[in-house]
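Have the sequence and the 3D view open as you read.

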Amino acid sequence: KKVAQHHGLKFAVEEYDMAEDPGSHDDATFYVTNLREPVARSISHFKYDQRWSCHQLTHNTSFIPTKQNAQSLSSWNKPHGFVPP
């Protein structure tokens with residue numbers, strides 16, 4: 001953000017959204033893409049977002065996450081009914 005301000009640029013972050021087509025605006029656009037190693041990214045996602053029920057963590061004030069009520073990585077890494085064509 002500081003670098004963008006220093007160079008007189010507008011700083012915008014778009015996650016989980018489609019990028020605009022380059023050249024579709026009058027203003028010049030500078031794109032930065034951050035790529036992560038896919039296995040480390042998947043494990044990180046599981047640890048942060050999937051180990052315990054998000055609903056339990058946010059709506060049940062008495063819920064305490066423990067190893068006993070955690071989802072295992074092997075149970076999380078399943079298609080849950082999706083069968084590829």
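The text below goes from the whole chain to a few residues.

This is a predicted model, in which local features need pLDDT of at least 70, side-chain atom pairs count only at pLDDT 80 or more, and totals for chains, interfaces and linings use all residues. Residues are numbered from 1 along each chain as its sequence is written, and side-chain values use heavy atoms, with hydrogens and water left out.

The protein chain has four helices and zero strands (DSSP runs numbered from the N terminus: H or I of at least four residues for helices, E of at least two for strands). The average pLDDT, the predictor's confidence in each residue from 0 to 100, is 77 for the protein chain, and 86% of the residues score at least 70. Two helices mark the ends of the range:

| Helix | Residues | Mean pLDDT |
|---|---|---|
| α1 (highest) | 2-6 | 86 |
| α4 (lowest) | 73-76 | 74 |

Where pLDDT is low, the predicted coordinates should not be read in detail.

Of the 85 residues of the protein chain, 6% count as buried (under 20% relative accessible area; exposed is over 50%, partly exposed in between, with a 1.4 Å probe and protein chains only).

Now to helix α2, residues 38-50, where Val39 lies. Val39 is exposed because its relative accessible area is 52%. Phe46 is also placed in helix α2, but Phe46 counts as buried because its relative accessibility is 7%. From Phe46 to Leu73 the C-alpha distance is 7.3 Å, although 27 residues separate them in sequence.
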